[in-house]
Structures are given as structure tokens and as C-alpha cells.
Amino acid sequence: MSHRFQRPDRRQIIKGVGAAALAAGIAKPHIVRAQSDTVRFGHLTPLTGFLGPLGEYAQMGVQLAVEEINAGGGVNGKQIELLMEDSVNPATASTKAERYIERDNVACIVGEISSASGLAISQVADRNKVLFVNTGCNSDALRGANCNRYMFHVEACNSQYVKGVGRNFLRNGLIDGKKIYFLTADYAYGHDLSRVGKNYVTENNGEVAWEDLVPTDATDFSGYILKIRQARPDLIISNLAGNQITNFVKQYAEYGLDFPYGGFGFDTGVAWGAGKGNFGGEWPVIWHHLLDTPGTKAFVEAFTAKYGKPPENQAWGDYVATKILAQAMNETGSTETDALLEFLEGQKELDILKGRPGYFRDWDHQLIQEMYTMTAKPLDEVQDEWDLMVLGAPVPAADEDLTVIAPTREENACSFAS
């Protein structure tokens, strides 16, 4: 699937380049970049498979951001032309990223949710020295062993999710001295989340006594739930992803088991999919549409007016990433990679629609930011299909440094090639 969104005026695009040359496909890419009256953003995200429902929100978020930026004058007086495609899988994501850069001359690439596809895109960005801002890939490895200087991360890493919600599990007596059951998505994200989660459990005197690796196309969780019933764990932890979480939560509710459960990774959209009366447990979340901040209120109002429903947290990621890149271009007066790198590595405080501003850490390019936890809202208080959760206080607390939930250099070494 391919989309081209907000093409302001094709006559502007080809102005000064030579329509005949473009039509014949003989114009060299650098000539197009030099003379275009638009700035092209390439967006990639999965629209099919178990991450597809989140990808739809990602596209809605980036489209709204571009509309608002263009309405405000664009970047450096130029309108943004947004290119959007389904990344599908790592091989296709790599091919499409190459095409965005070599054929379409994008100034940057935004998006992705799959950590495996995010790695493939980042390698293309690194080779071509073009910025890639990750909006949905959680794997710590992307900020550690697989980091590179041209990749930044608006999405929180697994350590931020695990340490964020792990504090509550620990405070509630569910880790220290307890036996825990892991359900883990069987791909790069799940493996990395399991690794980080096991480290946290072990460091806090718990034991991961059971773990099942769940194929990403699994929809029937009855076999896993029967094993859980027999094992009788003290806590069930989901390291699942996308609509895996929806299916597990719904089916766990149907079995009526009372073992405490929750997750180390989460997206609000998958809970909405579970429906009223099925959502339970305690989960981490990077952003929620009921956050009481001016930026969130404005974003939610605009998103709801355009799409008829509130934004999911994945929409927040793509919206904020696009706004940050536009800010960097306007404040530097440039779309060149070196200028944008210097801006983003400057650890400038950024409005990310939360109570506290965020900033990109200069040594691994992770956005340092507040996280939150959420639990199920009592059924008699639920207002509509999006009103299923109670949002917890920000983590870390206001008197703590934001880095206390981020991976340390020892936990997640990153070295940018010179």
C-alpha cells in the first residue's frame, strides 16, 4: 500500500527542475532536492499483520502533524510533502527506505513499530546519512548494540517500560520472593523485552519460573492459559505485542482466573480492542489521551475533530516526532542532516505534550521522558469504548531525575561510529 498525502501543488514541485526531465525520470536526485519547493518526509509503519491496528494510528498522527505544520507556514517557508507506505516486514522496510532516500530525496524518515523493521530502516539511514526518528520500536538493542548516530527514538525503550511499571509490581509485593510466568512475543521486540524484564525481576529477588514464546500470528491463547492455571504463578507478565495483547486479555477474562497479571509493554489501542469488562491488570504506557496538559488537550481536540475518536498512544509518537523534526528544521533554518543532528544532540528541552519536557540523550539518542501506568476502570464508571483505564501518576515522580528509569551505560552500551 502506498499513499502520498498533502501534495501542495505539483507545479511547485517541478518548478525549476524541468518537467520534461522529471517525466523522463532522468533528473538526478540532488537536483530535485536543490530546487524543490517542498520538503519531503518519508513515513513507514506496518499496516498489515498483528501490528496493523497500531500502524493505522501512526498514519493518522503523522498526517495531522503535517497538516498543522503546513497550515502554520511549513518548514523554512516550504510545505511538507508526506510520503507514506506500509513497511510490511524488515526486508520490504529496508527496500522502501532506500527508495525514499535515493528516488524521493526525503529529508528524513519517521515511523515504524516493529523492532526488526526498525533495525533494517536504521541501517539504511546510517549508510545514507539521513535521519530516522523511531516512533514505535521498543527494543533496547536499537539504543545499545545496534545504535547509530542517524537514529533517534521518540518511542520509549523496554527498560523505561519495565522500570516504570515494575516499581508498582514491586511495591505491591508481586516480585520479591515470587514466581512469575512470562508470555513473550516470539520476535526481536519480545526477546529483548523478556531479557530486560528478567534482569529486573532477578535484581529484585523474583524468579521467572515459566516462559512461553508465542508466535506473532497466534490468536488462540487457551493452551497458554491452561498451562498458567496448572502452574499457579504469583504474577503473569505479558511481553506480547499488538493484537496478541487484545486476544490474551479477552481470553484470560473468559477463563475467570484470578492470578494477578499485567505487562512490561503496552498500547492503549489493543486494550480498546479487548472491550468493556475484559481489560484488567496493570500496564505501562508512554502517553494517554486523558493526560491533563495543554499540549495533550489541543492534540486530542484536533485529532478527535478530524477522525471522530481520541488518539491512541502510537498516534502521539508519530505526531510528536514530526513536530520535533519540523521544529529542528525551523530553528536551524536547514533540512541538512548535520544541522538537525546538532540540534537534536544538543539535549534541548522539547514540548512532548506531557507534564515535563523531554530531551534526546546525546549518547544513545533516546528521548528521556515521563512514563505512566494504567489499570482497569470500574465498570460502572466506564463512559464509552475508549474509557476503560485509570491513568496513574507520572513515573519518575516530579522530584526524581527522568533518567532513573532509562537504561544506564552499563546496561545498554551504545557507541556511535566516528
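Biologist: What should I know about the model before we start?
Modeller: It is predicted, so local features need pLDDT of at least 70 and side-chain atom pairs count only at pLDDT 80 or more, while totals for chains, interfaces and linings use all residues. Residues are numbered from 1 along each chain as its sequence is written, and side-chain values use heavy atoms, leaving out hydrogens and water.

Biologist: Which domains does the chain have?
Modeller: Domain 1 is 38-157 + 291-370 and domain 2 is 159-288 + 372-395; the bounds come from an automatic or database domain assignment.

Biologist: How many residues does the contact take from each?
Modeller: Domain 1 gives 35 residues and domain 2 gives 28 residues, where contact means heavy atoms within 4.5 Å.

Biologist: And how much area do they bury between them?
Modeller: About 2,600 Å², 60% of it on carbon and sulfur atoms. Buried area is the accessible area (1.4 Å probe) that two parts lose on being put together, summed over both.

Biologist: Which residues of domain 1 lose the most area to domain 2?
Modeller: F50, L291 and N313, together 28% of what that side buries.

Biologist: New topic. At what angle do α13 and α14 pack?
Modeller: Helix α13 (residues 313-332) and helix α14 (residues 337-344) pack at about 110°, with axes 9 Å apart. Helices are DSSP runs (H or I, at least four residues), numbered from the N terminus. Axes are lines fitted to C-alpha atoms over the stretch in contact, and angles run from 0 to 180 degrees between N-to-C directions.

Biologist: What does that make α13 relative to α14?
Modeller: Roughly perpendicular, the word for angles of 65 to 115 degrees.

Note on methods
Helix = DSSP H or I, 4+ residues; strand = E, 2+ residues; numbered from the N terminus. Parallel < 35°, antiparallel > 145°, perpendicular 65-115°, else oblique.
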